Amino acid sequence: MTELQKELDRAFNGLAVIPVRGDHVEVMASVREHLRRAFELAGEKDDG
């Protein structure tokens, strides 16, 4: 795991403890999906 992936993982875990209700559920789901994709992209950088 790269340092960038570790930082993204910490951000993802921080978001996981924030209570979310109503319309904000969809916003949070979108943010989490973007973080997951960023995590994947950060790993691809070291694979090549």
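Glutamate 7 has a relative accessibility of 46% and counts as partly exposed (20% to 50% relative accessible area, with buried meaning under 20% and exposed over 50%; 1.4 Å probe, protein chains only).

## Model and overall form

This is a predicted model: local features need pLDDT of at least 70, side-chain atom pairs count only at pLDDT 80 or more, and totals for chains, interfaces and linings use all residues. Residues are numbered from 1 along each chain as its sequence is written, and side-chain values use heavy atoms, leaving out hydrogens and water.

The secondary structure of the chain consists of 2 helices and 0 strands (DSSP runs numbered from the N terminus: H or I of at least four residues for helices, E of at least two for strands). Along its principal axes, the C-alpha trace spans about 40 × 15 × 5 Å. Of the 48 residues in the chain, 19% are buried. The accessible surface is about 3,900 Å², and carbon and sulfur atoms account for 55% of this area (Shrake-Rupley method, 1.4 Å probe; for residues, only the protein chains shown count as cover).

## Helix α1

Helix α1 has 14 residues and reaches 20 Å from its first C-alpha to its last, close to the 20 Å expected at 1.5 Å a residue (1.5 Å times one less than the number of residues). Its buried residues are Gln5, Leu8, Phe12 and Leu15. Seen down the helix axis, the buried residues fall within an arc of 80 degrees, so they line one face of α1 (the arc is taken over directions from the axis to the C-beta atoms).

Aspartate 9 is in helix α1, residues 3-16, and is partly exposed at 31%. Its C-alpha atom is 19 Å from that of valine 20, 11 residues apart along the chain.

## Core and contacts

The largest nonpolar core has 6 residues: Leu8, Phe12, Leu15, Met28, Leu35 and Ala42 (buried Ala, Val, Leu, Ile, Met, Phe, Trp, Tyr and Cys residues joined through side-chain atoms within 4.5 Å). Helices α1 and α2 (24-47) each supply at least two residues of this core.

Leaving out residues up to four places away in sequence, leucine 8 touches Leu35, Ala38, Phe39 and Ala42 (contact means heavy atoms within 4.5 Å). Glutamine 5 is buried at 9% relative accessibility. With neighbours within four places in sequence set aside, glutamine 5 is in contact with Phe39, Ala42 and Gly43.

## Other salt bridges

The structure holds 5 salt bridges. In one of them, glutamate 3 pairs with lysine 6, with the closest N and O atoms 3.3 Å apart. These two residues lie in helix α1, 3 residues apart, about one turn of the helix. Glutamate 3 is exposed at 56%, whereas lysine 6 is partly exposed at 32%.

Arginine 37 lies in helix α2 and is partly exposed, with a relative accessible area of 41%. The C-alpha atoms of arginine 37 and leucine 15 are 15 Å apart in space, and the residues are 22 apart in sequence. Arginine 37 forms a salt bridge with glutamate 44, the closest N and O atoms being 4.0 Å apart. Glutamate 44 is partly exposed at 45%. Shared partners join Arg37, Glu40 and Glu44 into one network of salt bridges.

Key
Salt bridge = Lys/Arg side-chain N within 4 Å of Asp/Glu carboxyl O.
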